[in-house]
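Please look through the model below before reading on.

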Amino acid sequence: MKQVGGIGTAVLFLLLGSAVPASSQQEQQEEKPGKPEKQTKPEQPGSQQSKGKQQQEPAQQERRQEQNQQQQQERVQQERRQEQNQQQQQERVQQERRQEQNQQQQQERVSQQRQQELIEQQQQRLAQYRQHLNEEQRLAQQQTALLQQQRRIAQYRFQQQYWEHVRQEQSEAERYRNWNDDPYFYTPPIYRYRYRGTYYEANQYGADLLRRAVYYGYEEGFRAGEADREDRWRPDYQHCYAYQDANYGYPGYYLDQDEYNYYFREGFRRGYEDGYYSRYQYGSYVNGSYSMLGAVLSQILSFQSLR
């Protein structure tokens, strides 16, 4: 029994002896100071500024873009204002010129004797025109029957419209006018033009009627040419009733009828060619109506200023 106890004591001692160093090592490890943790470096002021700049740059770009847009809009508005000012100045100049012309025309009146001569000529002119309208109505009926026989439907429609316009002009000619108060008869001439080898003079009212004759002639000629092309008829403007009549737009005063007819036919011939061949060599189509080019009109009339 003693041996057994000795052996147990020895075993216990060995166990305790081996356990003490292990615990002492663990305590030593716990007592050793640990390695200091890496400290985060504080952000440098330079990096904060760079971040701030990066945040500010988009806002500054947007501001610059807005400023550029505003400047462009201001330039456009300024250009528009300048254009409007130029147009207003041009209108003022033209208005002043018209006023000066009107003042000159009022100051420079034709003599009383000349005014009465013009009125007498006008009365004779109007009587002849009324008689002509009665004759033209009979010719229009004959021409209408011929177109129906030829089955030229488009040309027939055009002639009916033309004759209706002439009838409206006839009612204008029948209306009473006080010729003594009409400025045409006391306004002096301002233009000179050549008609069939002879020079004539015209004031503003006579010149406007001549322009009207050419314009109306071109428009009616264009429609007549379109009608013949639609009917597949050969080009022949001289046998068109509108060309032979040539009174559309003539009120029966200011000019002799044959003179108005001459300039109407000058426009009609050119309009017929443009309409028949579907082109715009002598005129143009604007806002639903046909109009002769200004250069062609000037060439036909050849007005020369007397002042």
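Buried here means a relative accessible area under 20%, exposed means over 50%, and partly exposed lies in between, with a 1.4 Å probe and protein chains only.

The model is predicted: local features need pLDDT of at least 70, side-chain atom pairs count only at pLDDT 80 or more, and totals for chains, interfaces and linings use all residues. Residues are numbered from 1 along each chain as its sequence is written, and side-chain values use heavy atoms, with hydrogens and water left out.

The protein has eight helices and five strands. Both are DSSP runs numbered from the N terminus: helices are H or I with at least four residues, and strands are E with at least two. From the N terminus the order of elements is α-α-α-α-β-β-α-α-α-β-β-α-β. Of the 307 residues, 31% count as buried. Among contacts (heavy atoms within 4.5 Å) between residues at least 6 apart in sequence, 73% join residues at least 24 apart.

Strands of a sheet pair through backbone hydrogen bonds, either parallel or antiparallel. Two strands are taken as paired if DSSP finds at least two bridges between them. β4 pairs with β3, residues 283-286, in the antiparallel sense over four bridges, and within this pairing Y290 is the bridge partner of Y285. The hairpin of β3 and β4 has two residues between the strands, and N287 takes a positive phi near 55° there.

A further sheet is open and has three strands in the order β2-β1-β5, with antiparallel pairing. β2 and β5 (304-305) stand at its edges with a single partner strand each, so one side of each has no neighbour in the sheet. β1 and β2 pair over five antiparallel bridges, with Y191 opposite A202 in β2. These two strands form a hairpin with two residues between them, and R196 in the turn has a positive phi of about 55°.

Positive phi values also occur in loops. R151, not a glycine, has a phi of about 60° and lies in the loop between α3 and α4; R151 is exposed, with a relative accessible area of 72%. S278, in the loop between α7 and β3, has a positive phi near 55° and counts as exposed at 53% relative accessibility.

The next topic is the interior. A nonpolar core is a set of buried Ala, Val, Leu, Ile, Met, Phe, Trp, Tyr and Cys residues joined through side-chain atoms within 4.5 Å. The largest such core has 48 residues, of which Y263 and F268 touch the most other members. The elements that each supply at least two residues of this core include α4 (153-174), α6 (241-245), β4 (289-292) and α8 (294-301). The largest share, eight residues, comes from α5. Leaving out residues up to four places away in sequence, Y263 touches Y193, R194, Y195, L210, A213, V214, I300 and L301.

The largest pocket holds about 480 Å³ of space. Of its 23 lining residues, R114, L118, Y184, E201 and Y254 are the closest to its centre. A pocket is an open set of points on a 1 Å grid over the protein atoms alone, where a 1.4 Å probe fits and protein lies on both sides within 12 Å along at least five of seven lines; lining residues have an atom within 4 Å of a point. Points are joined across faces, edges and corners, and the volume is the space filled by probe spheres set on them. α3 (112-150), β1 (191-195), β2 (198-202) and α7 (257-276) each supply at least two lining residues, with the largest share, five residues, from α3.
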